[in-house]
Amino acid sequence: MFTRMRRWFRAVGHGGRLDDQMDQELAFHLELEAAKLERQGLTPEAARTEARRAFGGVERVREEVRDTRRTSWVETILRNVRYARRSLARNPGYTAAVLATLGLGIGANTTMFSVIDGVLVKPLPYEGSDRLVLIRQSSLLAGQDDVLLSIPELYGYRDQLATDFEGLVEFHQMSFDLIKRGDPDRVAAGVVSANFFDVLRVKPILGRTFQAADAAHGAPAVLLLSNAYWKTRFGGDPNIVGQVFEMNDRPHTVVGVLPPVPIYPQESDVYMPTSACPFRARGEERIAENWKAFSNLRVFGRLKPGVTIEAASAHVATVAARFTREHAEAYRDARGFGASALGLLGELTRNARPMLLILLGATALVLLLACANVASLTLARTLNRDRELALRTALGAGRRQLVGQLLTESVMLGLGGGIAGLLLAAMTQGALGTFIGRFTARAADITIDGRVLGFTAVVSILTGLAFGALPALVTRPGPASVLRQSGASAAGPRQSRLLRGLVVAQVAVSVVLLAAAGLFMTSLYRLARVDAGYHAEHVLAAEIFGNFTRYKEPKDYLRLYKPLIERLSQMPGVQSSAVGTVVPLSQQGQPFLNAFEIQGRSAIGRDRPAADVNVVSTRYFETLGIPIVGGRDFRETDTTESAPVVVINQSMARYWDGADPVGSRVSFDKGEHWFTVVGVTGTVRQYALERDGVAQLFIALNQSPFPAGASVLLRTTVDPVSMTEVVRDTVHSLDPDMPVEHVQTLEALRTNYLAPTRLTAMLLGLFAGVALVVTLAGLTGVIGMSVSQRTQEFGVRMALGAQPGRILTGVVRQGLVMVAIGLAIGGIASMFVGRFFRSYLYDTQPTDPATFGVLAIALLAAAAVACAGPARRATQVDPILALRSE
Amino acid sequence: MTASRLDLLQGTLDLLILRTLSLGAMHGWGISQRIQQVSEDVLQVNQGSLYPALHRLEEAGWIDSEWGRSPDHNRQAKFYRLTKTGERRLAEETRQWELMTTAVARILSSEA
């Protein structure tokens, strides 16, 4: 063993020297032979010639020795590569089919790998990002898995966890109006602790980040720009630092620009220190008496060196438990309250993870299928090359050389497919980034980098070996058997079985993909058609939220909204117009749940009821097409002068246990103020199409106790989009500085809401479609080959008077049997696979009979068509020709 | 080729080389001469096929080689000798050869 290894190393290292030694050895032999012949009486000249003749070609012997030696493996590979190139160039059809199939398979996987690597695996682009955690509070028994922190809670954690965290910093988002030249702009502002970016270790690319002094009371207002906002709104102006912007009537100085980093939980256009938010400031004033003051914060921390995330999480939970003991009243409704520390990366990508893993599973199946398909193509080709391979065997090529040759070809094809796949991945990357951006802020981290290239290279080579090994293993060309034979060579029973097995495998994999795609599409179809409780057609919505500086009181809003509704209602093409704080399926969507009590009903022994509170104008329900199912709608006569009234939805009416809510009274502040329920509306799936609508309560705009920025809604008889400018102009004629944002139709909102689901279903559908086409092509190929082999048999049968129809159905049946077996295997596999994504389906079981029924029929029909071509060829065999070729 | 000179059957050459080397180290030409002499010129070794065979056997680990001075010719030559595995291999091949020849001989004589 060791001697062999030593010799091998020696040989690899000194291939040239061994060649010299061999020359010496052969020369020595020839000399001795010539000398012997000379002694037998030949002239020296004749002796040398005779010695060479007897030897039989020095060059050939040298070659043969080199072959047995296995030393010049580099040479062998190069020779194999040269040979493979020639051989592949002679079969452009085969080569193109394999490159296309593998390109699709590897391309899909490269793309998904780049996404998974960029989103789920790569560390966040902050220094030491694995030490960053998010503190998450939840109240699981009350059904809330994300309870934002109040200011006192943040301070509590900060004081009691100083040994675990280098710093705990806060984030919340609000909107500001940026008044520039042109239309006013509403910007999303992230309001953060002064040391927020220090804890994240994000360095500005221009200027500086915040300092403690920026957050001090009365400090000059400062602003950090996000990278995206700086680029899109200011064209990447390098002199931006120091410029002053009017935001909400107050000058803010730009102090820096951030690098392009994802910020959890959402991106902001600009960042401000905590002192910039008046609502937070008001909360801060009340922290002594209100433990839950300004419960709007997300809190991040950096673990101190040596502290594990588990230990920190346990300490966070301990502190949370202490809170519930010391401030029991504040947590009365937060049943099952607790808190933990979670890794930031996991949280940042939580929404994307399941979909990405499902898609990765799908692409892995596509690659598996591509391998099976190419293996059957290659096997068929190898069988057609029987004569060539046999000839080479006869000329002295060993089995090892032949297998090496075949594997070289398949690995070259694998690498070629990898290059095609990389091109495909590069082309699809932009579109994919947009898709992923709907799930996670990390879309920008998706790139084709060294890791992706390495992945593709490894996958390509493994793919080549995988699809090449199978044909290489079953090929046993005996020189005699094949050379004797003339005409088309035949697949032996072994190879035929393998070919059929590969077709069955392809069908099975396709069925799994088709089933997944079909289930997602069925689910999407049902979700898209679900009755959401309102009529989305012909309604335009526009956000006119106002800002807290100029719209301080409810009456400030009334002064804008009243005339706005009036003017818009009179526009030609407008059927009705209203305002409301809530627009179905708008991006802002989070229910704003408030606990309430019903006068005269005890809440003891049951869940304290809670409802999503909204403010709407008259004709809001009419404009959205929400039916009033009991009582009445709001009237213009419901004003601050009259009794305060509310309208509730049917979902909220459940709390009356079947009694009529109309006429009873509800309160949100433990009986200080009471509202009379005057009407009940149908429930709208306001925030999510998948779930029943939440309990909702509506307050009349005229009676709103708090200032509420709202959206204007227009039901039109014309194309609602054509009213966009009318809305903008009307708003600006009333308040030139009011931003008008997100002007969209309700149908567009609904379409947008479904976009991620639709894209997932479409991608799965695309993969399944590719799988189906590849599989059917493979089926046609295998049936075609079997028909060619049976030409004589068909000829004889035709000559004996067989009906062409019988031959046709016989061939098609042969194909359908394989498909049926694959269908059965794939169907069973799908049931298991379906369990993994059951929770992402709407109203659709993984065993959905309609989906599987359609799938089975469609697949069998498509397979019958795929077999029909070769089958027709079988019926057109000319008996005379077929017999003559015997 | 006369009837008295036989081409070697495939595989037989290996056996002959191993047997020849079991007598002691020898260079390539020596092996070919030896086989010819001992078989009394009946077996003609195709000299061209000798060297690939030698390298193949070396590759298989049954023989080993070394450069040394050839005493008769006073120059460097490559000498081959049998390894331990080669000895076992020789025993095995010899046994098989005998089995086969006996069997073939039996068939031939029974028909007569």
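# Notebook: chains A and B

**Entry 1, the contact between the chains.** I began where the two chains meet: the contact takes 14 residues from chain B and 19 residues from chain A. On the chain B side, the elements that give two or more residues are helix H2 (28-38), helix H3 (47-60) and strand E3 (75-82). H3(B) supplies the largest share of that side, with seven residues. I also sorted the chain B side by residue type and got four nonpolar, seven polar and three charged. A reminder to myself before going on: this is a predicted model.

Next I looked up the make-up of chain B, which has four helices and three strands. Along the sequence they follow the pattern α-β-α-α-β-β-α. I noted that 29% of the 112 residues of chain B count as buried. For the contacts in chain B with a separation of 6 or more, I found that 52% are between residues 24 or more positions apart.

I then followed E2(B) and E3(B), which pair in the antiparallel sense over eight bridges. As a landmark I wrote down B:Ser65, which stands opposite B:Tyr80 in E3(B). E3(B) is also among the elements giving two or more residues to the side that touches chain A.

I moved to chain A and picked H25, which covers residues 804-837 and has 34 residues. From first C-alpha to last, H25(A) reaches 47 Å, close to the 50 Å expected at 1.5 Å a residue. Where is the kink in H25(A) centred? I found it at A:Met831, with a bend of about 30°.

I then listed buried residues of H25(A), among them A:Ile807, A:Val811, A:Gly815, A:Met818, A:Gly822 and A:Gly826. An α-helix has 3.6 residues a turn, so residues three or four places apart point the same way. The buried list of H25(A) also includes A:Ser830, A:Val833 and A:Phe837. What covers these buried residues includes helices H13 (353-384), H18 (493-528), H23 (746-789), H24 (791-799) and H26 (849-875) of chain A.

Why does A:Thr111 count as buried? I noted 27 C-beta neighbours inside 10 Å, and A:Thr111 counts as buried because the cut-off is 20 or more. Leaving aside neighbours within four places in sequence, A:Thr111 is in contact with A:Ala425, A:Thr428 and A:Leu432. I also took the C-alpha to C-alpha distance to A:Leu360, which is 9.3 Å across a sequence gap of 249 residues.

My last stop was a loop residue: A:Ser704 sits between strand E21 (696-700) and strand E22 (710-716) of chain A. Is A:Ser704 buried or exposed? With 22 C-beta neighbours inside 10 Å, A:Ser704 counts as buried. Apart from neighbours within four places in sequence, its contacts are A:Pro554, A:Val615 and A:Ile699. I checked A:Ser704 against A:Thr809 too: they are 105 residues apart in sequence and 76 Å apart in space, C-alpha to C-alpha.

Conventions: Residues are numbered from 1 along each chain as its sequence is written. Chains are lettered from A and ligands numbered from 1 in the order in which they are written. This is a predicted model: local features need pLDDT of at least 70, side-chain atom pairs count only at pLDDT 80 or more; totals for chains, interfaces and linings use all residues. The expected span of a helix is 1.5 Å times one less than its number of residues. The bend at a residue is the angle between axes fitted to the seven residues ending there and the seven starting there. A residue is buried if 20 or more other C-beta atoms lie within 10 Å of its own, exposed if 12 or fewer, and partly exposed in between; C-beta atoms are placed from the backbone. Two residues are in contact if their C-beta atoms, placed from the backbone, lie within 7 Å. Ala, Val, Leu, Ile, Met, Phe, Trp, Tyr, Cys and Pro count as nonpolar, Asp, Glu, Lys and Arg as charged, and the others, Gly among them, as polar. Two strands pair if DSSP finds at least two bridges between them.
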